[in-house]
Amino acid sequence: MTEPPFPTAAEIAHRVTDGALRAADVIETTLQRIAQRDPVLNSFTAVTAHRARVRAGAIDAAHRAGQRLGPLAGVPFAVKNLIDVAGLPTVAGSRINREHPPAKADATLVVRLERAGAILVGALNMGEYAYDFTGENAHDGAARNPHDPTRMTGGSSSGSGGAVAGGLVPIALGSDTNGSIRVPASFCGIFGLKPTYGRLSRAGSFPFVSSLDHLGPLARSTADLALAYDAMQGPDPYDPVCADRPIEPAMERIDAGIAGLRVAVADGYFRAGAGPEALAALDHVAAALDAHARIELPEPARARAAAYVISTAEGATLHLQRLRTRAADFDPEVRDRLIAGALVPAAFVQQAQKFRRWYRDAVQKLFDGLDAILAPATPCTAPLIGQKTFVLDGVEMPLRPNIGLYTQPISFIGLPVVAVPVVLGEGLPIGVQIIAAPWREDVALRIAHELEMRGVVYAPRPPA
Amino acid sequence: MNDPELDAWIDAGTALLGIPIQPEWRAAIRLHLTITFGHADTVLAFELPDEAEPAPVFRA
């Protein structure tokens with residue numbers, strides 16, 4: 001017998017608001033499930049049980065007092081451990097940062113989700129300093145994929161992917177510099193939203209590559225993504241990159257349908273190295289949307305190369321002092337990449353930033369005649385934990401630097417993307433990117449929602 | 001760059017930056033440097049006008 005899907009955030013909030021469910025009971029059930037499942041999944045690095053119980057009690061009291069509850073009333077969520085949680089050191093997946101003093105305040109996005117009624121239940125495992133696509137971590141151990149614990153969750157938002165797919169929380173926050181929301185969403189079979197660069201505040205998060213860093217939600221439904229996204233929008237003077245734009249709610253139009261939207265499939269580079277399961281997923285989504293047009297993005301390989309150069313050099317600059325004094329305390333997989341990054345000439349980085357502007361202008365022209373572009377999220381389904389190489393376009397390549405092949409050329413210019421999960425046959429899930437024009441998260445969410453309503457994409461419940 | 005040239009670059013660069021490296025780290029550093037320099041070649045091969053503006057703080 002197939003088990004019913006895990007409750008969504010929207011269902012929980014609805015029942016808490018109606019009085020059919022107490023927030024306190026939601027939290028006890030959540031804490032129990034974390035205690036049962038996380039010894040296998042290894043998605044949490046801290047559980048904020050006391051804080052969550054206090055918060056749930058306050059929400060239940062507000063309900064009894066007849067106060068209006070927020071759209072995420074009683075919804076448990078957790079955050080990648082590079083996001084500040086008052087009272088916890090912001091470890092960012094590292095050994096070194098756990099010596100930092102506890103954060104004095106919550107990150108902006110945590111404050112905004114809690115203002116909408118959500119309840120933080122903990123901090124989540126991640127690849128060290130977010131320089132990772134695998135979900136492996138030398139200090140905290142690998143996060144494990146709920147669909148097959150011998151396999152990677154993907155990274156670097158590894159615990160975010162595992163906790164949501166495993167039904168521990170309906171919503172988690174992650175960060176995405178080159179694909180770190182979309183890769184775990186793909187491998188774990190859930191939905192992920194990487195918003196437009198500058199849309200959501202990064203204040204109170206530990207950076208990786210400021211030029212490319214984004215924060216965003218992962219969830220098991222498109223409505224939950226939109227609810228979380230809407231609650232987190234708005235300018236923030238504490239993040240200089242956060243745009244001074246009004247809140248543009250996506251939830252109120254998520255079921256507007258897709259009539260009139262022009263969708264094309266990315267061709268060339270985005271099909272060249274993709275495995276058969278990635279291509280089958282892409283074709284499945286394209287067929288459902290009647291998207292027959294194919295489009296070539298201008299210079300995507302060069303865009304990925306430029307994103308790679310900027311990431312390694314900027315990331316190494318961030319960590320230079322730690323590399324000088326504490327190199328042996330890094331995760332070796334991350335340390336050796338960062339040391340190489342410190343040795344990149346400035347001319348390479350500057351040219352990559354110049355190319356970035358050229359590429360942004362060239363890609364934006366495509367959106368004059370299009371509303372969305374479909375592309376694979378990852379070239380393959382989740383590899384085995386410990387796997388070091390994979391075959392890409394017939395060539396054996398190092399796995400860690402190459403999983404983001406299809407995500408990097410998109411985040412490089414900050415385009416909003418919803419990663420949607422596809423399950424074909426008995427195989428593992430895999431994601432497809434729905435890429436929209438800058439500031440049109442609403443379009444990507446509408447398309448994703450339509451696919452979800454038709455049953456074309458869904459977050460599968462993993463085996464018990 | 002061949003391996004001896006890369007090793008010379010690693011030695012000079014880490015000495016300049018004050019990053020102490022262990023002998024067993026070298027092969028991985030060399031591999032990552034090779035991948036990164038390959039990507040840099042790809043970027044540099046694209047001709048841009050002198051007036052091209054970089055995007056250090058990017059706005060979409």
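Which residues touch the most other members of the largest nonpolar core? In this predicted model, where local features need pLDDT of at least 70, side-chain atom pairs count only at pLDDT 80 or more and totals for chains, interfaces and linings use all residues, the answer is A:V309 and A:I434, out of 156 core residues. Residues are numbered from 1 along each chain as its sequence is written, while chains are lettered from A and ligands numbered from 1 in the order in which they are written.

A nonpolar core is a set of buried Ala, Val, Leu, Ile, Met, Phe, Trp, Tyr and Cys residues joined through C-beta atoms within 7 Å. A residue is buried if 20 or more other C-beta atoms, placed from the backbone, lie within 10 Å of its own, exposed if 12 or fewer, and partly exposed in between. Helix 10 of chain A (residues 300–326) provides the largest share of this core, with ten residues. Helices (H or I, at least four residues) and strands (E, at least two) are DSSP runs, numbered from the N terminus.

Two residues are in contact if their C-beta atoms, placed from the backbone, lie within 7 Å. Leaving aside residues up to four places away in sequence, A:I434 touches A:A372, A:L374, A:V417, A:V418, A:V420, A:A444, A:I447 and A:A448. A:V418 and A:L374 stand 44 residues apart in sequence, with 10.0 Å between their C-alpha atoms.

Chain A as a whole holds 14 helices and 15 strands. Its radius of gyration, taken over C-alpha atoms, is 20 Å, close to the 23 Å that the globule rule (2.2 Å times the number of residues to the power 0.38) gives for 464 residues, so chain A is as compact as a globular protein of that length. Along the principal axes, the C-alpha atoms of chain A fill a box of roughly 60 × 55 × 45 Å. Of the 464 residues in chain A, 62% are buried. Among contacts in this chain between residues at least 6 apart in sequence, 78% join residues at least 24 apart.

Some local backbone features also deserve a look. Most residues other than glycine have a negative phi, and most peptide bonds are trans. A:Y129, not a glycine, has a positive phi of about 50 degrees; A:Y129 sits in the loop between strand 3 (119–124) and strand 4 (144–145) of chain A and is buried, with 26 other C-beta atoms within 10 Å. A:D393, also not a glycine, has a positive phi of about 55 degrees, but A:D393 is exposed, with 11 other C-beta atoms within 10 Å. A cis peptide bond, with omega of about 10 degrees, joins A:G155 and A:S156.

Turning to the interface, the contact takes 32 residues from chain B and 39 residues from chain A. On the chain B side, helix 2 (26–44) and helix 1 (3–17) each supply at least two residues, and helix 2 gives the most, with eleven.
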